[in-house]
Amino acid sequence: MQWVDRNYSSSFYSSYEGVTKKYWGCIRPNFSDAPADKTPPTLNNLRITSANESSFTISAELDDNVAVKSVWLNVYGPGGNKGYSVSASKGTFNHTIKYIDYGGYGKYSVHAYVSDTSDNQGVQGMNNFYPSANRGNEFYGVILNKAVWKPIEVCEDNYVRLGIEDGTAKHVWRFNREGDGTYKITSAQNGKVLDVHGASIEDGAKLWTYDDVGGDNQRWILLEKNGGYVLHPRNTTRVLDLTNGNTENGTQVQICGSNGTDAQIFAIYTGNEVQLKAPVMTVKAGTSSSPTVFEWNESHIYGEKRFDVKIWKNKLFDGDAHHIEWGTHSSYSIKLPPGHYEAYVDASNELQCLRSNVVAFDVEFDTFHLYVISNVVSDGTKYIVNSDINLLIQPAVYAAALYASDGRMLDIQTVSLSGGETSASAALSKRTDASYIKVFLWDDLESMQPLCDCERLSI
């Protein structure tokens, strides 16, 4: 503070040996000495924004209440480390680091210290990472050779080959970014990860899919090149490659030393249309004598392995499903007994299952034809056959017969009907050699003239 000797309205008094002296003036801050800036600058969101085969670029957001002066970088690479200062200002900071200055490609750490004009500092670091292009943390994608725009696919023997794009799960991969910047790449076809066979680092080692064990041969690095990417596993810089540069369907995918050819440059397509979506289902309800047809927008669903149709009689999830058709890829039809139903279809791959809309519908008795619709259940010792009957206006005989696979009749039960019945049941002995059941409706036991088509039930 300063004492200013001027005639201000405030007064200051002091006493010295009984003599009072009077001074006029004021006390004020010392404006000639500005207060020191103690607020540190901030460095946020330190990240890799690009990576290729020779270098990677880091970025961060810098801010300060006055001004940013510089960023000091400590870079630790596989073959050395270095510290140096880079001029900077508020806003986005970008800086490129070359592998050649730190012993080549491998595991890196970067510590960044931002300084302002008062030499206050802020700091952030990234430790033990592999420089890799950042496409996001979790997403579905299709890996295509960029020159011919053909996808790599998982085959029945689990090996990975070049294929023809058809929108099914064998071409779709889920990318999960690991803490060290590498990606785990999982097949939507079988739930296994992209793997170099035998953890080999030799030219020509084949790619396939295998159970995830966290191996270095199962974690992948993406490096930008010629508008696409070269991919290599964590344990080697040999890159994804089409054998002998062949672009024919069925060409084995392998690893090989980087040579800059089209056989090693791939695109990763992650558009909305390659993400698994819930199907939209419609139902054309049948009658007791005609099938009910289930249809959905299959051509607009990408990455599915199968569609599963699930049908409940009465209300959804009210007891067990009346019928489930597993693994169909197109519309599905089934003859259903009269009644009220609710149904949906699942689109599934090994990683995800999405349900369609639920459709409620009614199946009516056919008003023109006598018909029998049956189902069979087992109570442990017997097969119980239950049948719905429509338009029975005369006496008849209801019969259920059990057969072996070679056509031998093993058991038969008959029930006399007076006419007007809408249902009938029969119990048949359970046999280990039984294969199927037939249900008949005859005019009588003497002539056994069929009144409608025979129905066959598998058991």
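In which sense do strands E34 and E35 pair, and over how many bridges? In this predicted model, E34 and E35 run antiparallel and share 8 bridges.

## E34 and its partners

E34 covers residues 396-404. E35 covers residues 409-417. Across this pairing, Val397 faces Ser416 of E35. The two strands make a hairpin, with 4 residues between them. Gly407 sits in the turn and has a positive phi of about 95°.

E34 also pairs with strand E37, residues 434-442. That pairing is antiparallel too, over 8 bridges. Here Leu402 has Ile437 of E37 as its bridge partner.

## Burial of E34

How many of the residues of E34 are buried? The count is 9 of 9, and the strand is mostly covered.

Side chains in a regular strand alternate between the two faces of the sheet. In E34, both faces are covered. One side carries Ala396, Tyr398, Ala400, Leu402 and Ala404, and these are all buried.

## The largest pocket

The largest pocket holds about 340 Å³ of space. It is lined by 17 residues. The closest to its centre are His322, Lys335, Ser374, Asn375 and Leu457.

Which strand gives the most to this lining? E32 does, with 7 residues. Strand E32 spans 371-378, and strand E38 spans 455-458. Each of these two strands supplies at least two lining residues. By type, the lining divides into 10 nonpolar, 4 polar and 3 charged residues.

Methods. Residues numbered from 1 in each chain as written. Predicted model: local features only at pLDDT ≥ 70, side-chain atom pairs only at ≥ 80, totals over all residues. Heavy atoms only, no water. Buried < 20%, exposed > 50% of the residue type's maximum accessible area, 1.4 Å probe, protein only. Pairing = 2+ DSSP bridges. 1 Å grid on protein atoms, 1.4 Å probe; cavity = no way out; pocket = protein on both sides within 12 Å on 5 of 7 lines; lining within 4 Å. Points joined across faces, edges and corners; volume = space filled by probe spheres on them. Nonpolar A, V, L, I, M, F, W, Y, C, P; charged D, E, K, R; others polar.
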